[in-house]
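Hello,

Please take a look at the structure below. My notes come after it.

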Amino acid sequence: MSKVDTVGEALALFVTPFDDEPEAWADVLRRASIASDAAPRSRVRRRRRLAALVFAAVALLTLALSPVGGALARGLGDFSAWLTANPGEPASESDQRAFDAENERTWARFPDGLQLRRVIVTEAAGGTFELFGFRSGYSLCLRLTVEGIPSEGASTGCAPLSELRRAEAPALALYLDAGFGHQDVPGTEEGYVPPRASATFGIVADGVSAVALRTSEGPVETIVENNAFLAVTVDPPLGLRTKELTAIGERGERVSVAIAESPFGDYGPQAKPGVAPGPRAVARQVEGGHIGWLVRRESRGESPAEAGIDIERFRLLHEGELRFARVLTPDLQSDRRFVLSIVHVPESKPLPFGMSGDFLCRMVFARDVGGGGCSPLADYFSRGPFEVGTSVGHGGEQYALASGVASDDVARMELYLATGERVAVPLADNVYAVEVARTKFPARLVAYDRQGRVIGVENMAHDPLADSGPRPNADKQRIVKRVVGASGTRGTVRVGPSTAGTRCHRISFENGAGGGGCLPKGLEPQLSLGVLNTGSDSFVTGTVADGTSAIELRFPTGERVVVEVVEGVVAHPLTPAQATSGGPEVAIALDSAGKEVGRQRFRRLPQ
Amino acid sequence: MRKPARGATLDEIESIYRTRLPDFRRVAAAILGDRELALDAVQEGFALAVRERSSFRGDGPLEAWLWRIIVNAARAHLRRHTADVDMEVLASGNGHAENADEQVRAAIVLLPERQRLVLFLRYYADLDYGAIATALEISIGTVGATLNAAHASMSRLLEEVTR
């Protein structure tokens, strides 16, 4: 093997100079569709020209055959306005200052110095809506603010620039159905109140002159200016959702644009069936991975103090002692930050199941998203060389964040999308984060070792906000029971058929807590009960199989309570005394004759 | 007030094209891992620059603006072509110097993308930090930090592969 001592030597070997290749300025002008007055001063070799022509023919054929290409071929253009220029006009100083101040306050902030561009301004519902655009590293973002309507703040939607370059359609939705303010009407039993205005926005290519947007209530007028679009619906009905988006060219050409619907209430959009492309099996089995720099306590990234993160307030696993923590940013130009920490749990104060020792905790912060977890350090990579979590900040955002931690065995990672696209995943200091278009699930994350062998595969079956399997038939869900907790928390029990004809149930509390699902008939467990804490009240909730008429709850105090079953669902409030004593120990399923037909032990509540 | 675009002339662009073409091609080849595709990407990039020359704002040097376009054109090529040029192909050195050690290539390919781009622009194009910052749309401070990180990573990787 040759010895390479310096970075310069390595780069010199990597790509040798191009000194012998002729120039081709005339070819540049031809491609730019500008006639050259002067004769070309030199000629490209014939082989090269042929290659270029073959490429051009293939490219044109590809454009003509693909739906996207079809749009581009019809002259709707691409997103170069957003990639290489700055549509709109600079934001006012006050708008820029407001953005900078808000950005400064968040941990997962964009880099300093971003310049907002105002692209659309409109008045609606007594408020002024302003849509701003900005590029941040590898992302393009639109931010919608409103003045004159009391609301919780701006809505920001982003897309990776790579998505713009791949240009699958001449328009790209960045945020659907952002709600601003509230209408002065009574809320639903679950506490839902329709917003004063609902807005959908995104970007368009140069050749798009209009955007047709259809919601669940019908078409909505859409403004198209400065390579962006904005639709604002005033006083929308509760649950209004954008259903279709169509880009329209100057000559009336219409191109359908894929969108990922935002969920409403308890139900998300139906997951798309399909199998993600890419490797399904590993070529090399990796076990017992670790993160060397973490074990050696190297000062990668920033300390929590340097990053301005109050680690004691937000660190996980408060039962243990924080031994080490670093804040990492796999993509310096993004708003995503990770906190990796080592927490030691002494044997004298073990966690449930007797767990103690060193734990690796990871938290990820991104715009509107935060979360994490801990696992024993020694076993962290026992199931594979990387782990993955997916999250979406708001239901209207079009991109999910797939992120996680990878062991030292992983040299690089790739994302395979349902469309066949392959995306390199930013990976640095053993943490990674990549945006996945919600319209492009199912997707697959693949990890490679330094020899390029596949060592890890994680399938992401569907959009994290979508429901797989049968969904409740929304029009046929009936309220079969209402329940009130000891402190007044109200809840409802709904049952009804699914779209596949099976039985669904949903238990919803006014503060948003609840649960439910749809199970094929005959597959319901005899007893599937749990204790749900809504914050101020606790309830025993769950389902039972056919043939169970009532439930007897047995408490450690010796107290026994018989609870009714309504259409296979249980929702029963606990008294403060029952809750503080740790909840029920056992549930006994009883048939109509009072005979025991099943039994379930509960995990005890903390006392 | 929005600063009006200064615009660039055809002559200015052509002058830089003729002066710096080998460097543009070398950087594009490093990004794409393919010399033929690099030739095409540079031509496409300059064609785009010619078409969009009126939008050049004049905030920085014209050459830095052109570097941004060429880098983006090469990266767009990388994503568009042949299910993209597989990183394994890059690592195997298709179209690269015949006597280069494959593991040295792999060491470069394994760097994060931004570190690779900063290295390419620094070594192959001899750009200063300001021009690199403009070309990659990052801050000058980030250029320095990224270059340092790239050097450290490369040195470590080279040490490992030549050990």
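Here is what was found, starting with the ground rules.

This is a predicted model, so local features need pLDDT of at least 70, side-chain atom pairs count only at pLDDT 80 or more, and totals for chains, interfaces and linings use all residues. Residues are numbered from 1 along each chain as its sequence is written, chains are lettered from A and ligands numbered from 1 in the order written, and side-chain values use heavy atoms, without hydrogens or water.

Confidence: chain A averages a pLDDT of 82 (the predictor's confidence in each residue, from 0 to 100). In chain A, 85% of the residues score at least 70. Over residues 35-74 of chain A, the pLDDT is below 50.

- A:Cys141 and A:Cys158 are bonded, with sulfur atoms 2.1 Å apart. The S-S torsion is about 105 degrees, so this disulfide is right-handed. A:Cys141 counts as buried at 0% relative accessibility, and A:Cys158 counts as buried at 7% (buried means under 20% relative accessible area, exposed over 50%, partly exposed in between; 1.4 Å probe, protein chains only).
- A:Cys361 and A:Cys374 are bonded too, with sulfur atoms 2.0 Å apart. Their S-S torsion is about 110 degrees, so this disulfide is also right-handed. A:Cys361 counts as buried at 2% relative accessibility. A:Cys374 counts as partly exposed at 27%.

Best wishes

Technical notes:
Contact = heavy atoms within 4.5 Å. Disulfide = S-S within 2.5 Å.
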